[in-house]
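This briefing is intended for a reader who is meeting the structure for the first time. Please keep the sequence and the model at hand while reading.

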Amino acid sequence: MLNCQIYKELLISFMHMKLKALFVAILLMASCGKNKEKAQAEPSQSFESKKTAEASKIELEVYDFKGFKKFLSLKDDKVHVINFWATWCAPCVKELPYFEMLNKQYAVANVEVMLVSLDFPHLYEKKLKPFIKEKKLMSKVIALDDVDMNSWIPRVDSNWSGSIPATIIYNKDRSQFYEQSFTYEELENEVKKFLN
Amino acid sequence: MSLFLAIIFITAFTVGNGYKVGDVAEDFKLKNIDGKMVSLSDYQDAKGFIVTFTCNTCPYAVMYEDRIIALNNKYESKGYPVIAIMPNNVKVKPGDALPEMKKRAEEKDFTFPYLIDADQSVYPKFGATKTPHMFVLQKTDKGNVVKYIGAIDNNYKDATAVTTKYVENAVDALLKGESVKETETKAIGCSIKV
């Protein structure tokens with residue numbers, strides 16, 4: 001910033017001098033503008049870290065498969081919708097609002113959505129928690145962290161190849177697995193089959 | 001009624017189709033990042049192939065890049081080269097377009113072909129659903145027989161913490177003339193973008 005002051009003074013002192021020198025001074029001033037932009041970018045970075053700090057207050061339950069598997073067979077009167085997703089998975093993020101809407105609109109019908117994040121553990125603080133906060137997710141979000149995928153993927157469903165998004169809808173009588181993306185209408189239709 | 005049955009029949013066959021272990025994989029002709037077309041039949045001296053469906057944009061695929069390079073370094077000279085195929089629709093994932101593939105291959109010094117399944121006709125034949133998705137093929141008199149389908153190893157997070165190297169075990173067994181013990185494994189991956 002001190003340099004900018006000098007350039008300004010140069011510009012004033014060059015006012016009565018040759019046009020060429022004036023141009024040089026103006027060019028230098030222009031680069032000051034760029035520095036200023038850079039300087040302004042800094043506070044927004046600290047705003048980012050503030051956001052991350054706020055998001056870290058979100059409590060995230062993390063399970064290995066042994067701990068998680070109980071959520072796949074709860075014997076209550078609810079229709080459970082378990083969606084496997086991750087912040088890095090674009091089609092998952094696209095369909096999240098539909099699960100959120102379902103959770104809200106069908107709560108009276110005893111439908112409960114659980115969003116099971118398969119995000120990388122080293123990104124829980126930096127990506128997952130800020131995402132949960134920013135999108136104001138109301139459904140229960142938990143994280144599944146178990147590297148031995150070949151042992152647990154077939155236990156979720158024997159047909160699951162391991163691609164996400166993937167969803168399970170179940171009640172105490174039956175269970176259905178879907179390795180696909182949903183529109184809200186499709187999701188609603190599948191859930192309705194469990195309500196009748 | 002017969003139409004109804006036909007629909008069920010077709011659905012049953014479109015879900016989970018693609019090669020099974022033991023099937024003969026058809027050859028393909030796909031464009032490499034250098035512009036040349038590559039087929040399995042170009043590899044006259046190969047004993048088989050480590051075919052991987054992978055891409056630039058999937059974090060799982062990226063986490064496995066170094067291990068895919070290591071596979072080629074270890075097995076190309078033994079007759080099992082890596083053939084990488086990018087199956088995504090580049091309109092959905094512009095980061096997987098051919099120039100981007102070329103850039104990534106140069107950054108990481110890929111020592112194997114990185115082909116684009118531009119019309120998305122090859123990955124469905126294999127039944128690949130995600131990236132990364134591995135297929136080990138063995139060259140036989142009847143063609144390239146699928147011997148292994150699945151993951152590279154059992155720890156995506158930490159290569160040093162891996163306890164079972166599925167692909168290496170499969171190729172090692174084939175090189176010794178033995179049968180592959182674990183022929184299919186599952187792993188999380190990014191769905192192939194259509």
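The structure is a predicted model, and it scores ipTM 0.82 and pTM 0.80.

**Confidence**

- The average pLDDT of chain B is 93, and 92% of its residues score at least 70.
- Residues 7–15 of chain B form a stretch with pLDDT below 50, which has zero contacts in the model beyond near neighbours in sequence.
- Where pLDDT is low, the predicted coordinates should not be read in detail.

**Chain A in outline**

- Chain A contains seven helices and seven strands.
- Along the sequence, the elements of chain A are arranged as α-α-β-α-β-α-β-α-β-α-β-β-β-α.
- Of the 196 residues in chain A, 28% are buried.
- When contacts in chain A between residues at least 6 apart in sequence are considered, 70% of them join residues at least 24 apart.

**The sheet of chain B**

- Chain B holds an open sheet of eight strands with mixed pairing, in the order β1-β9-β8-β4-β5-β6-β2-β3.
- The edge strands of this sheet are β1 (24–25) and β3 (37–38) of chain B, each of which pairs on one side only.
- Strands of a sheet pair through backbone hydrogen bonds, either parallel or antiparallel.
- Within chain B, strand β2 (residues 30–32) and strand β6 (residues 114–116) run antiparallel and are joined by two bridges.
- K31(B) has I116(B), in β6(B), as its bridge partner.
- Helix α2(B) lies across β4 (48–53) and β5 (82–86) of chain B, and runs at about 150° to β5(B).

- Strand β5 (residues 163–164) of chain A pairs with β10(B) in the parallel sense, over two bridges.

- In soluble globular proteins, nonpolar side chains tend to be buried together.
- Apart from its neighbours within four places in sequence, I50(B) is in contact with L71(B), Y75(B), Y80(B), V82(B), M134(B), V136(B), V167(B) and V171(B).

**Local backbone features**

- Most residues other than glycine have a negative phi, and most peptide bonds are trans.
- N110(A) is not a glycine, yet its phi is positive, at about 70°.
- N110(A) is located in the loop between α4 (90–105) and β3 (111–117) of chain A, and is classed as partly exposed because it has 14 C-beta neighbours inside 10 Å.
- K136(A) also has a positive phi, near 50°, and belongs to the loop between α5 (124–134) and β4 (140–144) of chain A.
- K136(A) has 7 other C-beta atoms within 10 Å, and is therefore exposed.

**A loop residue in chain B**

- K157(B) lies in the loop between β9 (143–150) and α5 (166–175) of chain B.
- With 13 other C-beta atoms within 10 Å, K157(B) is partly exposed.
- The C-alpha atoms of K157(B) and P113(B) are 25 Å apart in space, and the two residues are 44 apart in sequence.

Technical notes
Residues are numbered from 1 along each chain as its sequence is written. Chains are lettered from A and ligands numbered from 1 in the order in which they are written. This is a predicted model: local features need pLDDT of at least 70, side-chain atom pairs count only at pLDDT 80 or more; totals for chains, interfaces and linings use all residues. Two strands pair if DSSP finds at least two bridges between them. Helices (H or I, at least four residues) and strands (E, at least two) are DSSP runs, numbered from the N terminus. A residue is buried if 20 or more other C-beta atoms lie within 10 Å of its own, exposed if 12 or fewer, and partly exposed in between; C-beta atoms are placed from the backbone. Two residues are in contact if their C-beta atoms, placed from the backbone, lie within 7 Å. Axes are lines fitted to C-alpha atoms, for helices over the stretch in contact, and angles run from 0 to 180 degrees between N-to-C directions. pLDDT is the predictor's confidence in each residue, from 0 to 100.
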